[in-house]
Amino acid sequence: MGQIELTGDVYYPSPETIANANLKDRSEFDKRAEQDYEGFWADFANELDWFQKWDKVIDDSEKPFYKWFTGGRTNISYNCLDRHVKTYRRNKLALIWEGEDGEHRTMSYFRLHNDVCRFANLLKSMAVKKGDRVTIYMGRTPEIIIAMLACARIGAVHSVVYGGFSVESLTERIEDSQSRVLIVADGAYQRGKIVKLKDIADEALQRAGTVEHVIVVKRTGQDVYMEPGRDMWYHELNKLPIANQPCVVEETSSEDPLFILYTSGTTGKPKAILHTHGGYMVGTYVTTKYYLDVQDADRIWCTADPGWITGHSYIVYGPLLNGATIFMYEGAPYHPYPNRWWQMIEKYGINILYTAPTAIRGFMRFGDSWANRHDLSSLRILGSVGEPINPEAWKWYHRVIGRERCPVIDTWWQTETGMHMISPFPTMPLKPGSGSLPFPGVKMEVVDEQGNPVKANEEGYLIIKTPWPAMVRTIFNDPQRMVDQYWTKYPGAYMTGDSAKIDEDGYIWVIGRVDDVIKVSGYRLGTAEIESAFVSHHAVAEAAAIGVPHEIKGNAIYAYIILKQNLQPSDELIEELRKHIAHEVGPIAKPEHIEFVDKLPKTRSGKIMRRVLKAQAMGEDPGNISTLEE
């Protein structure tokens, strides 16, 4: 892009940032991608190891079920570990971990590789084979990374369930994936308390009948129930001779499934997004290397949970593919004090911090002094993920945490895209609040209801018109749902479900979801999922959930409830319903506000008009309500 003058509020990169970046000028990528899109991606794929090279870069013979690097054979776990163990990186730190209680561990690439092979052998001893699904339900500890890489090593498909989800969500995901093995921790530390993960899993397993083996990782050491013949302690299994056997890596086809990850949709049932070894590997490798600018000596801290796509792509796979050192922290940001993060950045010399606007806004509340008492000079790149970052938070992040030296890499992408899709490279001019441009060669548009591009600065639907390597391959066991959800509204284009606008410089400004999904603290929660959890309570006849702006979380859940006949609203019932939602969906879904009503605004076809409820909650004009049922 070079140093051209742009309109609006613009921050230009420093000469030092440009001199040290992996990519000095994006125009060389733009040119290569424009001239030969397939060759452009093949060059990146060639930087990784393949047991057999591909016949074709993009196979579009069954659109929209695109395939990438067909005929190629590889394994992402091999590329994350074995490839490095053969080089000087063998003794380099792969992982630095700190527990909320202050415990800390480090692992070299050699040690991580060894632990992954041992875990993979244990899975094989339980007859887990290529294509089998394994559910993982843990906090942020090294074992979650080991378990993911062990599944990938033997060609099993991991399904990580966020440790903040509770019984109903875990049950649903185990049943849908038909997992035979569950890997769970006894508990996790969060805000000084223990989250009883094993207890939640036990309750889920009473309902989900497919699980035969449960591997339990000891983290907190509290007493937990162990079902004889089903539950086994990981530390005891790890001593068995079988764990110590050589573990030959499974040669997977480029299109073999790597993982499924559930994401909230517009209907009640979460969608199991499926990603594969080859394309996902290339996409996460490239975007980590060039957008987050990861270099050999870097220590990268992505503060997300591995239970979300951000954790998969930018805690685990992207950094390890690049041979970087991952930093992982178990607990809450402000525990025990609001300087916990800054203390760890100083202590471990973190170079890249990749976090959510929610966290940044949370730290802003405490003022500048907590961060100012720490030496943050090791930081080189700041990243933002999960939702659009508001300009005030962007500027605070840049000024207080980055000390006006570090570019803020504002990334837009989704579980479905697998990799960053809109983001600036560190050497580009930055506009607070805009993710800037799509990845080179990827064509994106903002269109109206009919699919026509809108004018500059006009809001519309964000669509993607070019395939990309890490794209969703299907919805597990429901391919038609993928077609209906993403490829039907605008034939030939991927419908992101987000609204956006493009300014006169071509910079994209993502505004937010257009479907019935609420982003709370960057996490996607389906309104249908929350509403059905409400209705499962004995007192509730009907429910509607909406997202309303929240200073810290971005959005908070506001619920409207119709009670069953002869029941009266009360403060006690509100508290009971909030606890019920936390139990059924997870603490993240606890509503901020519950309002009892006699009826809900609906269309004549019975669809709840959430925009009317939102206008009501915010004291605004509901606009055109001609479709409202009388």
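Strand S15 covers residues 271-276, and Thr276 lies in it. The model is a predicted one. Is Thr276 buried or exposed? Its relative accessibility is 2%, and because buried means under 20%, Thr276 counts as buried. Apart from neighbours within four places in sequence, Thr276 is in contact with Ser254, Glu255, Asp256, Pro257 and Leu258, and also with Met281 and Arg473.

The chain as a whole holds 20 helices and 30 strands. Its radius of gyration is 24 Å, close to the 25 Å given by the globule rule for 630 residues, so the chain is as compact as a globular protein of that length. The C-alpha trace spans about 70 × 70 × 60 Å along the principal axes. Of the 630 residues, 63% count as buried. Where contacts join residues at least 6 apart in sequence, 72% of them link residues at least 24 apart. The chain exposes about 23700 Å², with 49% of that supplied by carbon and sulfur atoms. There are 71 positive and 83 negative charges, and their mean positions lie 4 Å apart.

Which residues of H19 are buried? They are Leu573, Leu577, His580, Ile581, Ala582 and Glu584. An α-helix has 3.6 residues a turn, so residues three or four places apart point the same way. The buried residues of H19 pack against helices H8 and H18 and against strands S28, S29 and S30. Just after H19, Gly586 takes a positive phi of about 145 degrees.

Definitions and conventions. Residues are numbered from 1 along each chain as its sequence is written. This is a predicted model: local features need pLDDT of at least 70, side-chain atom pairs count only at pLDDT 80 or more; totals for chains, interfaces and linings use all residues. Side-chain values use heavy atoms; hydrogens and water are left out. Buried means under 20% relative accessible area, exposed over 50%, partly exposed in between (1.4 Å probe, protein chains only). Helices (H or I, at least four residues) and strands (E, at least two) are DSSP runs, numbered from the N terminus. Contact means heavy atoms within 4.5 Å. The radius of gyration is taken over C-alpha atoms; the globule rule is 2.2 Å times the number of residues to the power 0.38. Accessible areas come from the Shrake-Rupley method with a 1.4 Å probe; for residues, only the protein chains shown count as cover. Lys and Arg count as positive and Asp and Glu as negative; His and the chain ends are not counted. The place of a charge is taken as NZ of Lys, CZ of Arg, CG of Asp or CD of Glu.
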